[in-house]
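Me: I have a structure open and want to go through a few parts of it. Can you help me read it?

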Amino acid sequence: MTEPATTATATALKALRRHLSPRLALLLGMNGQDSLEVRASGAEVTLSDGRSVLDFGSYGVALLGHRHPRVVAAVTEQLGRMPSSTRVLANETLPRFASEVVSFVGLAGLTRVWAGLNGTDAVETVLKLARAASGRSRVIAVEGGFHGKSHGALAATSSPRFREPLAAVLPPVTHVPATADAAALDAAFAGGDVAAVIVEPVQGEGGVRPLGAGLLHELRRRARDAGAFLVSDEIQCGLRRCGPPTLAGELGLEPDAVLLGKGLGGGVMPLSAVVASEELYAPLRDDPFLHTATFAGHPLSAAAGIAAVRAVAEHAADGERVARRMEAGLATLRERWPEHIAAVRGRGLLWGLEFASTALAGKVFADLGPAGLLVSPCLGRPEVVRLFPPMIATDREIDRALEILDTTVRGAAAQATVQAPFRAES
Ligand SMILES: Cc1ncc(COP(=O)(O)O)c(C=O)c1O
């Protein structure tokens, strides 16, 4: 006999509370209104209570939606043959993935690939490579950038919330403001010893904030003059999420490495990649055991990656259609609610709605799920709610998402207005 859904939910949330985190259990329970995610297909997720919700969130992983047939077929084929690698024999899947991702990125000189499972793996690897290849230790990053939460990656992430508990032991990274002038950049590069400059061309977690082309080119120039490598972290904004295959390519930045992740595994498998130049990759080319991990380059992930990269290229026109409809719809939404929506930022399939207050953004986020639309919060900028429409969303799905947003903003704003005097007095 199958357990009733409510019992299954209660059991799952109890185990989450007991073995993971009570706060996480509370949050996920509230988001799902005490039901679980159980199935997904395309842009839709089905919950254990039978409801279907649109997924414009998943922190950007579902670029191709859920269970894209091409990715599922590739992973199933690999699963039926040989899911894991002996790691002492070559297989055909990982090198094929490497060739595919190099051609997808399509930037002169970026011919070497290291495949990991999370974006953080890619950041760790590239910073380690930059330090090993240059013999230097410092990294320059930009305020508002997010690069992951392991020691090395966290050092490059600028959010005080995540850095503070470990600030004393993080490797040396200097953060420059996104509005840095020449004097601020001079100060950051002064003293030399710079191994890498890492940039996130559109800062996703930082509130969907594009960095200015002027700053990016200036950092490129100064990195070159300082003999440092330039790394474009496109784990969130690359892979056609913002339109082009890479933003570094679109901007002509000539990076020494591009990092990809999230949707790279097709929304089916975990996968990330460092796509690097010969010079940056030299330490690994010379000693391939310098940086290894048991599951790095996992055949199931590599198989998913081959299919995903091809599917992303095939769906490029779909992505443009979704982008145009979202852009127009969000502009209308902002016009309708100018006092509640302070700004709409983004491009392509990555959008940030900045609300008039953190409280309103929190209320909208909490209400959207129950209303039928999943989105992602910005942990570093709680006043911003992020939307990641998948490339494969239909016009009807986009219109439904926009309608849900409209109704939810209206409802949340009305409640916030009613509550405001009460809060002011208390
Ligand atoms: C730009 C960027 N870099 C790195 C990361 C870390 O990736 P992951 O969470 O897959 O380790 C993220 C995750 O959101 C990201 O957005």
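Reply: Start with a term: buried means under 20% relative accessible area, exposed over 50%, and partly exposed in between (1.4 Å probe, protein chains only). This is a predicted model, where local features need pLDDT of at least 70, side-chain atom pairs count only at pLDDT 80 or more, and totals for chains, interfaces and linings use all residues. Residues are numbered from 1 along each chain as its sequence is written, and side-chain values use heavy atoms, with hydrogens and water left out.

Me: Ok, is Ala 115 buried or exposed?

Reply: Ala 115 is buried, because its relative accessible area is 8%.

Me: Which strand is Ala 115 in?

Reply: Ala 115 is in strand β4, residues 110–116. Strands (E, at least two residues) and helices (H or I, at least four) are DSSP runs, numbered from the N terminus.

Me: And what does Ala 115 touch?

Reply: Leaving out residues up to four places away in sequence, Ala 115 touches Leu 94, Phe 97, Leu 271, Ser 272, Ala 273, Ala 296 and Gly 297. Contact means heavy atoms within 4.5 Å.

Me: New topic: what is the order of the open sheet of four strands?

Reply: The order is β1-β2-β3-β15, with mixed pairing. β1 (37–41) and β15 (373–374) stand at the edges with a single partner strand each, so one side of each has no neighbour in the sheet. Two strands pair if DSSP finds at least two bridges between them.

Me: How do β3 and β15 pair?

Reply: Strand β3 (residues 52–55) pairs with β15 in the parallel sense, over two bridges. Leu 54 stands opposite Leu 373 in β15.
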